[in-house]
Amino acid sequence: MPSPLTRLRDREFYSPPSEPPADRFIPTRALMDLDLARNSLYASRRQDTGATTTSPDASREQYRRWVEENLRAGPDGKSFRMLPFRSPRGGDRCRRSLRLVDDMVEEAKESSSPAPAPRWRCIPMRPSLVFDVPGMTTDFYLNLLDWGKENILAMALGSSVYLRKEEGTSAQQLLQRTGGTACPTSVAWSCDGKRLAVGFADSQIEVWDIHAMHRIRTFGGHTDRVGSLCWNDNILTSGSRDKYIINYDVRSGKGVYHLKGHRSEVCGLRWSPDGLRLASGGNDNAIYVWHSLNIEPTKFLYRFTEHTAAVRALAWCPLKKNRLASGGGTADRCIKLWNTETGTCAKTTETGSQVCALVWDRHENEIISAHGYSNNQLSLWSYPSMEKVADLKWHTSRVLELSQSPDGLKVASASADETVCLWKISEPRSPSKKVTDDDDDSVLSLKRLQIR
């Protein structure tokens, strides 16, 4: 079996410099006979100077003076540095190479050290609670379920929006619209869980105060149904079938600015945890990444076009601010991981099924995916390896909606089989177990959770 260092050298990211920037000799003292070398030097010095002293202390003192007189003075009699160290040509490349070697050595030490004891965890194969939701709209491009910070589930059913607490016995109707063209098409809780935004098929948007149970804002600006909504503090962002994204300031009740890039319906919107970047997915199979400080309609940071079907499923990593996960529809069936700092795709995972929604589990460092045709299930994926952890099979039709509880320990899934299921899939993890930005290349397989 090859050593850890041998395996590391075979990695694709390890490419030693083609031309070493400088020669360098590092002696190994363990292989040296220092006593023999010292006695040889003393003998050579006595031959040169004619000294006859045999005392070790006297020899060392005479030898020191002899070195100062003969080796530390230049032709002009002035002292000079015997070993001047300078940065060679290509010094930056040398330093990068040395840092890479240091990283490899540290990783080798980690891989050769005993693996920590696995933390056992039980993932239930059955939901902890099931709600019947008759009249659910089964449209892949809509976002009809959201779980707020005050532990309230909001769901659009037909022409109404209902609120339900997990421990509640019945749902409470928030609003009802008459007429097929005015039905709710998206819901989204504010960051504090006190306001609920509702988008409608007639292009209107309403913001409701949940404690007072009345509407506080109404927004226009779109010309077609509003299928996606998300919040960034006091900014409400909406995406529509008219291909536009509009940012509203809820405090002033006005549209701040428009974003235009998609060539078809905007069906997915997610702000990054730090509120600096907005990811949007559309029926044009594209993902756009926008910066919060941008007010130019067509100026985006990145445009990703690797998916081959509509992109509705988007999720930002809660611990690594530049990591974005996306899922494609029936013709794509892939989950892709993006580095929005460099604009590159880090990994592609084939799921074998339509990806309808994604949630990034902040406790287990896993990605939870909801699938439609043809698996109709939830799947758990370990990050960053994207190895499948478990499949949760309960729904009998497409799982169109997925939302995470405020404490991150549960998820709610809504299906075309007219049920909403609550799943307890996570357990609180100590802060020392959290993964940081430096853990992408670490040996995470040693920290994988075991399931029983």
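Trainee: Is Phe300 buried, exposed or partly exposed?

Mentor: In this predicted model, Phe300 is partly exposed, with a relative accessible area of 33%. That value falls between the cut-offs of 20% and 50%.

Trainee: Which aromatic ring pairs with Phe300 at 85° between the planes?

Mentor: Tyr288 does, in an edge-to-face pair with the centres 5.0 Å apart.

Trainee: Where do Tyr288 and Phe300 lie in the chain?

Mentor: Tyr288 belongs to strand S17, residues 287-291. Phe300 sits in the loop between S17 and strand S18 (302-304), so the pair ties together parts that are 12 residues apart in sequence.

Trainee: And Tyr288, buried or exposed?

Mentor: Tyr288 is buried, at 3% relative accessibility.

Trainee: What about Trp290 and Phe300, how are their rings arranged?

Mentor: Their centres are 6.0 Å apart and the planes meet at 80°, so this pair is edge-to-face. It links distant parts of the chain, with Trp290 in strand S17 and Phe300 in the loop between S17 and S18, 10 residues apart.

Trainee: How accessible is Trp290?

Mentor: The relative accessible area of Trp290 is 0%, so Trp290 is buried.

Trainee: Which residues do these ring pairs link into a cluster?

Mentor: The cluster consists of Tyr288, Trp290 and Phe300, linked by ring pairs.

Trainee: How many aromatic pairs are there by this rule?

Mentor: The count comes to 8 aromatic pairs.

Trainee: Which strand is joined to S19, and by how many bridges?

Mentor: S19 is joined by 5 bridges to strand S20, residues 323-328, and the two strands run antiparallel.

Trainee: What do S19 and S20 form, and how many residues are between them?

Mentor: The two strands form a hairpin, with 6 residues between them.

Trainee: Which residue in S20 stands opposite Trp316?

Mentor: That is Leu324.

Trainee: One more topic, charges over rings. Where does Arg164 lie?

Mentor: Arg164 is placed over the face of Phe131, 3.8 Å from the ring centre.

Trainee: And which ring has Lys260 over its face?

Mentor: The ring of Tyr244 does, with Lys260 at 5.8 Å from the ring centre.

Methods. Residues are numbered from 1 along each chain as its sequence is written. This is a predicted model: local features need pLDDT of at least 70, side-chain atom pairs count only at pLDDT 80 or more; totals for chains, interfaces and linings use all residues. Side-chain values use heavy atoms; hydrogens and water are left out. Two strands pair if DSSP finds at least two bridges between them. Helices (H or I, at least four residues) and strands (E, at least two) are DSSP runs, numbered from the N terminus. Rings of Phe, Tyr and Trp (its six-membered ring) pair if their centres lie within 6.5 Å; planes under 30 degrees apart count as stacked, over 60 as edge-to-face and the rest as tilted. Buried means under 20% relative accessible area, exposed over 50%, partly exposed in between (1.4 Å probe, protein chains only). A charge sits over a ring if NZ of Lys or CZ of Arg is within 6 Å of the ring centre and within 35 degrees of the ring normal.
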